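User: I have some questions about how the labels for this model follow from the numbers. Please set each value against its definition.

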Amino acid sequence: MQQQASGHTIKAFDEDIERLRALISEMGGLAEHSIGEAMRCLVQRDVEGAGKVILDDKKLDLLEIETERRAVQLIALRAPMAGDLRDVVAALKISGVVERIGDYAKNIAKRVPMLESAGKIEPLSLLPEMARIATSMVHDVLDAFVERDAPAAVRVCERDQAVDDFSDSIFRALLTHMMENPHNIGQSAHLLFVAKNLERVGDHATNIAEMVYFAATGHHIADRPGKSPK
Amino acid sequence: MLMKEKQPITPVTPMSTTSTAIEVDANGKGPSMMDDQGRAVKDRDTVCDPPEVQRPNLSMSQLSNIQDTSDEEIGPGSEPKMRANEVSVSYGDKQALQDVSIQIYDDLVTAFIGPSGCGKSTFLRCLNRMNDTIPSARVTGCIELDGEDITTSSMDVVQLRARVGMVFQKPNPFPKSIFENVAYGPRIHGLSSSKSDLEAIVETSLKRAGLWDEVKDRLQESGTALSGGQQQRLCIARAIAVDPEVILMDEPCSALDPIATAKIEELIHELRGRYAIAIVTHNMQQAARVSQRTAFFHLGELVEYGRTSEMFTNPRQSRTQDYITGRYG
């Protein structure tokens with residue numbers, strides 16, 4: 001792995017790259033918060049809060065555009081090479097993925113009004129924990145990006161299984177509820193989608209981990225040493 | 001507008017390794033999702049879990065091997081045109097180059113990069129014994145051209161320089177006509193049997209150097225009357241007129257404007273395959289553009305030598321990384 005210890009001869013280059021990293025961090029923080037908020041609103045049936053989550057998604061869209069603009073500008077003006085180039089390309093790709101994670105938060109928030117009057121069923125209590133793992137993956141993988149920490153990215157990938165397991169068990173639980181009482185079908189279907197969205201957040205965190213690994217090492221995560229072939 | 005701007009960011013790459021080839025978006029509200037999320041709408045059709053997607057069991061490195069363009073490949077068993085083995089050079093007491101070993105191949109352009117004083121020009125000049133002209137220079141090690149050691153005293157240096165031509169940083173046409181500039185080499189090396197033969201060589205050389213159309217009506221004008229870029233192409237025509245096997249270029253574009261530079265770079269591209277080319281350049285973008293192999297020199301050492309595409313995306317040595325990303329040098 002190559003560490004980029006010293007700064008560029010041209011200081012403004014460092015500042016540009018730092019600014020790009022800061023934007024990604026900011027986006028990650030927002031997306032993480034949105035998912036958490038959407039889940040809180042879902043559990044507490046907070047329609048007003050859900051509306052705010054939906055509105056806040058606009059901020060992520062704008063940040064994504066800003067990241068794209070800065071990344072393109074940096075490529076055009078500074079002609080980054082090697083690790084710098086991989087960083088900028090990763091930032092460009094990660095911003096798109098984080099924006100997508102924000103969309104999932106918005107999607108979850110949009111279901112809150114539809115569930116306002118529904119009684120709470122047991123699988124609902126599993127979802128916040130699932131969301132916590134998924135958002136912590138997003139949090140940690142973006143920290144790994146800022147720190148250029150490939151091992152941390154690998155550890156994030158390994159946690160995706162927990163999210164998938166949650167998804168499976170929630171699916172089975174909801175299916176049981178639907179079979180038990182047809183009145184639960186509406187709510188259960190919505191919660192099924194929420195679980196699916198959270199599962200996708202975990203997958204996206206894994207995707208970001210792959211980008212972070214490549215940016216930091218120049219190798220694809222699938223080829224990392226010590227990894228047993230599937 | 002928003003959607004259009006987003007497109008470049010989320011390409012569906014065929015090389016994606018994730019197990020989620022199909023995006024699944026849950027949406028219970030139908031058309032309301034179309035408000036501002038173009039992608040959400042796009043994904044709306046597939047709300048059920050995709051079956052396990054069968055993927056070929058290939059690692060990324062295998063994939064990239066498959067997709068590697070033959071552009072950079074050298075055939076197996078292909079012999080290098082020139083081979084330097086543990087070449088060291090000193091000027092008096094000062095060691096300029098230490099144990100450099102490198103191969104230069106026929107079909108590839110090899111770029112030498114590195115900060116000023118790193119020895120890259122010194123090394124280039126070893127390849128046709130231009131350092132012989134500097135009394136204090138002492139060269140050790142072995143340099144072979146087609147397997148023949150060129151550093152021995154029995155080597156005919158004039159013949160060697162006909163086989164290994166050179167183009168310098170500053171265009172240096174002779175103060176003679178354009179025609180004479182190109183015809184000089186073939187004439188002294190006895191490469192033409194008649195006047196028409198010589199004229200044909202001059203025309204071919206000027207054509208290969210991409211200068212013919214600009215000068216064909218004024219071949220008797222002085223070479224020094226041409227623009228800088230034209231003069232440099234005239235020097236390249238002069239170098240290729242003696243039908244060399246290798247062309248060495250020492251910062252051929254550093255005195256030229258971007259258009260003239262682009263013409264020279266295009267020329268290098270066209271000449272590749274016909275001649276083995278080695279180029280010294282301070283412009284890393286230029287090295288990236290014109291070469292297939294890059295050698296990075298630092299403080300008289302060859303730090304790293306490899307495929308240009310790898311050197312500029314994922315160099316192995318931290319010194320290379322620091323230099324090409326602009327961290328020192």
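Analyst: A residue is buried if 20 or more other C-beta atoms lie within 10 Å of its own, exposed if 12 or fewer, and partly exposed in between, with C-beta atoms placed from the backbone. Helices (H or I, at least four residues) and strands (E, at least two) are DSSP runs, numbered from the N terminus. This is a predicted model, in which local features need pLDDT of at least 70 and side-chain atom pairs count only at pLDDT 80 or more, while totals for chains, interfaces and linings use all residues. Residues are numbered from 1 along each chain as its sequence is written, and chains are lettered from A and ligands numbered from 1 in the order in which they are written.

User: Why is strand 8 of chain B called largely enclosed by the rest of the structure?

Analyst: Five of the five residues of strand 8 (residues 276-280) of chain B are buried, so the strand is largely enclosed. Both of its faces are covered: Ala276(B), Ala278(B) and Val280(B) are buried on one side, and Ile277(B) and Ile279(B) on the other.

User: Which strands pair with strand 8 of chain B?

Analyst: Two strands pair if DSSP finds at least two bridges between them. Strand 3 (residues 109-113) of chain B is joined to strand 8 by four bridges and runs parallel to it; here Val109(B) stands opposite Ile277(B). Strand 7 (residues 246-250) of chain B pairs with strand 8 over five bridges, also in the parallel sense, with Asp250(B) opposite Val280(B). From strand 7 the chain reaches strand 8 through helix 10 (residues 258-271) of chain B, a right-handed β-α-β crossover: with the strands pointing away from the viewer, the path from the first strand over the helix to the second runs clockwise.

User: What makes strand 6 and strand 10 of chain B edge strands?

Analyst: Strand 6 (164-167) and strand 10 (301-307) each pair on one side only. The open sheet has six strands in the order 6-7-8-3-9-10 (chain B), with mixed pairing. Within it, strand 3 pairs with strand 9 (residues 293-298) of chain B over four bridges in the parallel sense, and Ala111(B) has Thr294(B) as its bridge partner.

User: Why are helix 1 and helix 4 of chain A called roughly antiparallel?

Analyst: Axes are lines fitted to C-alpha atoms, for helices over the stretch in contact, and angles run from 0 to 180 degrees between N-to-C directions. Angles under 35 degrees count as roughly parallel, over 145 as roughly antiparallel, 65 to 115 as roughly perpendicular and the rest as oblique. Helix 1 (residues 11-44) and helix 4 (residues 127-147) of chain A pack at about 175°, with axes 10 Å apart; the two helices are therefore roughly antiparallel. Chain A as a whole has six helices and zero strands, and 50% of its 230 residues count as buried.

User: How do you know that Tyr328(B) is partly exposed?

Analyst: Tyr328(B) has 13 C-beta neighbours inside 10 Å and therefore counts as partly exposed. Tyr328(B) lies in the segment after helix 13 (318-324) of chain B.

User: Which residues does Tyr328(B) touch, not counting residues up to four places away in sequence?

Analyst: Two residues are in contact if their C-beta atoms, placed from the backbone, lie within 7 Å. With residues up to four places away in sequence left out, Tyr328(B) touches Thr9(A), Asp322(B) and Tyr323(B).
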